[in-house]
Amino acid sequence: MDLNPSDEQRLLRESAERFVAGSYDADHRRKLANDPLGFSPAVWKQFAELGWLALPIAEEFGGLGGGAVEIGILMEAFGRGLVSEPYIATVVLGAALIEKCGSAPQKQARLPKVADGSLKLAFAHSERAARFDLAKVATVAHKTAQGWRLAGSKIAVLDGHAADEIIVSAHIHDHQGPSGRIGLFLVPAKTPGVAVNDHERLGGGRACNIELSDVQLPEDALLGDRSDALPAIAWAVDRAMAALGAEAVGIMQVLLDTTLEYTKVRKQFGRPLSANQVIRHRLADMAMQVDEARSMALRAALKVDAEPVERARAASGAKAKIGRCARFVGEQSIQLHGGMGVTEELEVGAYFKRLVAFDTLFGGSAHHYGRHAQLGRTAVPA
Amino acid sequence: MDLSFTTAERAFQDEVRSFIAKNLTEEMKRATALTPSVFSDPDIGMAWQRTLHKQGWGAPGWPIEHGGPDWTPAQRWIFETESARAGVPNVNVMGVKMVGPVIIGFGSPEQKNFYLPRILSGEDYWCQGYSEPGSGSDLSSLKTRAVRDGDDYIINGTKIWTTHAHHANRMFALVRTSDGPRQQDGISFVLIDMKTPGITTRPILTIGGDHEVNQVFFDDVRVPVANRVGEEGKGWTYGKYLLEFERGSGIASAKLREGLKAIAELAESDLTGRAIDSPDIATRISEVEVDIDALEMTELRLLSALQTGQNPGAVSSILKLRNSEIRQAVTRLGVDVIGHDALAVEPMRPLYKLNHAPALPEEMLTMVPEYLNGRAYTIFGGTSEIQRDIIAKMMLGI
């Protein structure tokens, strides 16, 4: 048992924090907010050069073989700068699903390209009627003579507009009818019948809704074999939630630091705000919740490779708890900044909005406490 | 970073498990489960202390030359966790975890030679004389006075919230020996034999129906000057050192987890009409479990940091605050889970020696008293408000 970072992990943290501090300021973020791409291709290239795109990919596919803890370190630094590059979509979700489910040729054709920055991915899974239930997929993939025909609607696809290839989940209908299994399909973005309606994303970056109508795909568009992909989807989403949790910690830390600084310089009634015990105690609660969130993000990262129930409970517990902490820290940061906190003139709002997006993505606190409870009844609590 | 134990640590875990399995009697386990106050009564608690002492495990935090087992932080974690899992008695911490470290840190060689072995063996039973009726959070305003008379101090005043004063044969106390420019000055740390003439003890019943705390009165009580620890007037420094032990000795998550587990089991049983089937109860159990997970990780992060020689700092305040709040959440849940059985009051103590059949199932007996007594968790050892002051000052610099 040792939770001290290794030298490599410490170096990764330092270089990520240095990069974010040097490249991501308010002006940069404002420029990106008005950009149809929503991120900087030049920065993406630098990510590749720094080895961050290769980080979790296995060495045999040109990766560095890093784990969830390393991703967490990177994501926390990204949170500090509200980084909007499609890292979760491409590396944490996309590459992980391919590595987990793909055949050898599918992996060989794509993972080295993710690592070198020449292939961007997205994961289209959520549907409006499913809410946060990962098992509920209405999109259908019919087996055809030549391959597959996909039809359905997806929402909240992170960075789908920028992806070269979109991984779409669909229920497999073979010649006998519904198979009861979910498959993952590699859909090149330019495939006829794929309509990507992208929008600005709350808190920075972009996301899209995707309509799939009569999308014809070749036989080898199916990722891996015809076994049910639901366990892999749950695994990948749990990993993504751990990574997003670490990002939220970085965001919360900035809000805490900024708010603390403000309460020290802002004077009312002839003294700094922080001279009031009610303000000091609020800040103490914020600091405590940032610390609890940090513990939970690390815990989820350390358990991503545990057996499924333990992993899922750690991920849902972290998502639920960090979501609550994020709302509290975000809302109180605005409260303590007073009226200015509600304006676009300060950056507090941008950080807050990213936290709200975090809490919503893949299900909010209520959903994940519920999932945690549901899973708890089938398992002996550790 | 890694949560798993090394081979050596796993071997130690096996050693602790088999030691506990061999030595923890059913009677001790049942008595511990049926004690709704902080500490086990001395007959149970000290029996376990003697068992630990025989094994050389009587004082996990002490240096090896005074009889500590020389464990790594990870070993202490394993020991505390396995102890909580097995449900060992809650040994009163006043000796081993509180006055012991102060005597080791600041006591004379004579004091070390005399007191430390008696703490280890359980021969002495200690209580703490800190709070006074007029000095709660503002502890350093204390007024109990020790006036020098030859080789003795003559002590007059009163102490309150004195846990197990009615069982203890010794008390460590903060007393005023002079009036300095600051109220923290002029306080001394003294060791008092509870059999000294002039000491009287008044029981105070807590709202759960337990007699755990007392008020102690000092009426011209003679205490040898040789019983003062360290320098005269420096008691505040020693007392604060000890309070950090009280807060930071915290490997608390394992105990919280066991408490929650017992409640979750009740919630899944027919005794409560399967309270778990209420989504509200199921979710609240998860909320508390997740809070315990977070506390456990913070404890492990602190342990890792301590292993590299770092200081706990304000983290001990975070641990105290969260432990007390979560403990209250656990007990609140306990009351809600047992439903109508929460109305049945069992006034007899100890609950493990009832001479009649209680009105509610045995596994529910402690729920309401623990909840009621447990309101004290956010008050003793520095209130939650004081802890927030400390966090703001030490962590945030405001």
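**Exercise 1. Which residues have the most contacts inside the largest nonpolar core, and how many residues does this core have?**

Solution. The largest nonpolar core has 168 residues. A nonpolar core is a set of buried Ala, Val, Leu, Ile, Met, Phe, Trp, Tyr and Cys residues joined through C-beta atoms within 7 Å. Buried means 20 or more other C-beta atoms within 10 Å of the residue's own, with C-beta atoms placed from the backbone. A:Leu97, A:Phe185, A:Ala242, A:Met252 and A:Ala297 have the most contacts inside this core. H7(A) gives the most to the core, 18 residues. Helices are DSSP runs of H or I, at least four residues, numbered from the N terminus.

This is a predicted model: local features need pLDDT of at least 70, side-chain atom pairs count only at pLDDT 80 or more, and totals for chains, interfaces and linings use all residues. Residues are numbered from 1 along each chain as its sequence is written, and chains are lettered from A and ligands numbered from 1 in the order in which they are written.

**Exercise 2. Is A:Met296 buried or exposed, and which residues does A:Met296 touch?**

Solution. Locate A:Met296 in helix H8 of chain A. Then count: 30 other C-beta atoms lie within 10 Å, so A:Met296 is buried. Contact means C-beta atoms, placed from the backbone, within 7 Å. Beyond four places in sequence, A:Met296 touches residues including A:Gly245, A:Lys321, B:Asp293 and B:Met297.

**Exercise 3. How many residues does the contact take from chain A and from chain B?**

Solution. Chain A gives 31 residues and chain B gives 32 residues. On the side of chain A that touches chain B, H8(A) has the largest share, 13 residues.

Conventions. Two residues are in contact if their C-beta atoms, placed from the backbone, lie within 7 Å. Helices (H or I, at least four residues) and strands (E, at least two) are DSSP runs, numbered from the N terminus. A residue is buried if 20 or more other C-beta atoms lie within 10 Å of its own, exposed if 12 or fewer, and partly exposed in between; C-beta atoms are placed from the backbone.
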